[in-house]
Amino acid sequence: MKTLFIGGIKSGKSHNAENYIKKLSGAKPVYLATTEFIDDEMQERIQQHQQQRADDFITVEEAINLKEKIALQEGAVLVECLSMWINNMLYHEKTYEEMEAEIATVMELKQDIVFVVNDVSCGIIPDNKLARQFVDISGKLSQMVAQKCDEVYHVVAGISTKIK
Amino acid sequence: MKTLFIGGIKSGKSHNAENYIKKLSGAKPVYLATTEFIDDEMQERIQQHQQQRADDFITVEEAINLKEKIALQEGAVLVECLSMWINNMLYHEKTYEEMEAEIATVMELKQDIVFVVNDVSCGIIPDNKLARQFVDISGKLSQMVAQKCDEVYHVVAGISTKIK
Amino acid sequence: MKTLFIGGIKSGKSHNAENYIKKLSGAKPVYLATTEFIDDEMQERIQQHQQQRADDFITVEEAINLKEKIALQEGAVLVECLSMWINNMLYHEKTYEEMEAEIATVMELKQDIVFVVNDVSCGIIPDNKLARQFVDISGKLSQMVAQKCDEVYHVVAGISTKIK
């Protein structure tokens, strides 16, 4: 079972995805944090979140090699989030094709996986070239993931609507 | 009965909310304008809108104290809009917690209330710190309001879809 | 039959619209490209796309006079896309009222027409005045088109949801 939650900034996509994965049967679910670049303030927030999640999730971190990391897990895996991973991949000068290839192998894993992605598609086209590139890649990968997922949820104002 | 209409800029969210509240039974509905900062051009547009609404609504204005103002009304109240109110609250250096507390008391009022909020969540994360703060608060309050509302409508291209 | 597909950047709106129009009965559908301003890189991408479409579509180009061009076609017409056309109209200093008038006459044509529009409404209000104007016009025209269409589809992550 593969599932995608897509929604805007502070739309409640993560909260909905966490509730969703907790209801999947089997071993304790895994929270795969894709965060790579963190300052002190962020570090503190991450630790807070991690403590809040401790009862419900096993937290692991991986910024780049999703497939390798997910393959090691027993429980269902929450990828939090794809947008940050795209960001990391761009920083490490990976191409869109490399991202697509990585996601394709992830999709073949036997694990239940729940993806969270930030919808950045509905503003005006950014002036900034890097931002434009990010928006394009985010959109194309979201399409690809959604196509391969069994279920897709669109989250608006904390409310999750099943669109596939 | 509490209801939220959420949609982007010129998505038709206000038009849909106005039609919705006119169908609620009881006294003439109240249009609560949250606008605070207005230049001459805006003043003119506001007066035009007010005249257009005169047959259908009683118009009142309140930039900050929503609960106090709504408690005084007989009819159902259309809060137009929450986004402008967040803006006013930020200008007056109110914290997110104060906004949440105000909305929590509003939600306990017996009146029928229809909220309109601008969905600003689906662009790229803004460079500007104040804009980022606005986007975060807007998203979090929208989630809170939606959670407490009986009905929530997502508006796209003038078409309103019930998502709760 | 008139239909609108609305979605963000790289949301898959065009792909969905193309699949949709191919299933309409009658003569080979027409791909009406509204692109006007193109550099060499864009020219190349356009030609690539055109070749990919050759088996399925007749491609015609028109940046401004939609009604005139669509009236000449036999098959169903895919307007790809309204956002580019708005852009062209603004460049040629056409007013919103002129755009609305043009779309109104287009809507009276007997042809089946499928419109694609980019949803730019859910970011923060742009600083740039021209961008703000574009967002406003895009929203108002999308509402108008959606109101007159028989069917409207909202596209997120490649998944098209019928909202009217």
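In this predicted model, chain B meets chain A through 19 residues from chain B and 19 residues from chain A. The area buried between chain B and chain A is about 1,500 Å². Carbon and sulfur atoms give 72% of that area. On the side of chain B, three residues lose the most area to chain A: Cys122(B), Ile124(B) and Gln143(B). Together they account for 38% of what that side buries.

Which elements of chain B each supply at least two residues to the side that touches chain A? They are strand 1 (2–7), helix 6 (129–148) and strand 6 (151–156) of chain B. Helix 6 of chain B gives the largest share of that side, with seven residues.

Polar contacts do occur, in four residue pairs, both residues at pLDDT 80 or more.

Next comes the contact of chain C with chain A. It takes 19 residues from chain C and 18 residues from chain A. Chain C and chain A bury about 1,400 Å² between them. Again 72% of the area lies on carbon and sulfur atoms. In chain C, the residues that lose the most area to chain A are Ile9(C), Lys10(C) and Ile159(C).

The table sets out the two contacts.

| Chains | Buried area | Carbon and sulfur part |
|---|---|---|
| Chain B and chain A | about 1,500 Å² | 72% |
| Chain C and chain A | about 1,400 Å² | 72% |

How are the chains arranged? Two copies of a chain are related by a rotation about an axis and a shift along it. For chain B and chain A, the rotation is 120° and the shift along the axis is 0.0 Å. The superposition gives an RMSD of 0.0 Å. That is the relation of a three-fold axis. Gly123(B) comes closest to the rotation axis of the residues of chain B, with its C-alpha at 2.4 Å. Chain C is superposed on chain A by a rotation of 120°, with 0.0 Å of shift along the axis and an RMSD of 0.0 Å. In chain C, the residue closest to the rotation axis is Gly123(C), at 2.4 Å (C-alpha).

Now the fold of chain A. Seven strands form an open sheet in the order 3-2-4-5-1-6-7, with mixed pairing. Which strands lie at the edges of the sheet in chain A? Strand 3 (58–61) and strand 7 (159–162) do, and each pairs on one side only. From one strand to the next, the twist averages 20°.

Strand 6 (residues 151–156) and strand 7 of chain A run antiparallel and are joined by four bridges. Within this pair, His154(A) stands opposite Thr161(A) of strand 7.

Helices pack on the sheet of chain A. Helix 4 (residues 82–91) touches strand 4 (77–80) and strand 5 (113–118) of chain A. The direction of helix 4 makes about 70° with that of strand 5. Helix 6 (residues 129–148) of chain A touches strand 1 (2–7), strand 5 and strand 6. The direction of helix 6 makes about 145° with that of strand 1 of chain A.

Chain B also has an open sheet of seven strands, in the order 3-2-4-5-1-6-7, with mixed pairing. Its edge strands are strand 3 (58–61) and strand 7 (159–162) of chain B. Neighbouring strands of this sheet are turned by 20° against each other on average, direction ignored. Strand 1 and strand 6 of chain B run parallel, joined by five bridges. Leu4(B) stands opposite Val152(B) in strand 6 of chain B.

Side chains of opposite charge can pair when their charged atoms come close. How many salt bridges are there over all chains? The count comes to six. One salt bridge joins the side chains of Lys22(A) and Asp56(A), at 3.5 Å from N to O. This pair links distant parts of the chain, 34 residues apart. Lys22(A) sits in helix 1 (residues 13–23) of chain A. Asp56(A) lies in the loop between helix 2 (40–53) and strand 3 of chain A.

Note on methods:
Residues numbered from 1 in each chain as written. Chains lettered and ligands numbered in written order. Heavy atoms only, no water. Least-squares fit on C-alpha atoms with pLDDT ≥ 70 in both. Pairing = 2+ DSSP bridges. Axes fitted to C-alpha atoms, helices over the stretch in contact; angles between N-to-C directions. Contact = heavy atoms within 4.5 Å. Buried area = accessible area lost by both parts, 1.4 Å probe. Polar contact = N/O pair within 3.5 Å; in protein donor to acceptor, adjacent residues only side chain to side chain. Salt bridge = Lys/Arg side-chain N within 4 Å of Asp/Glu carboxyl O.
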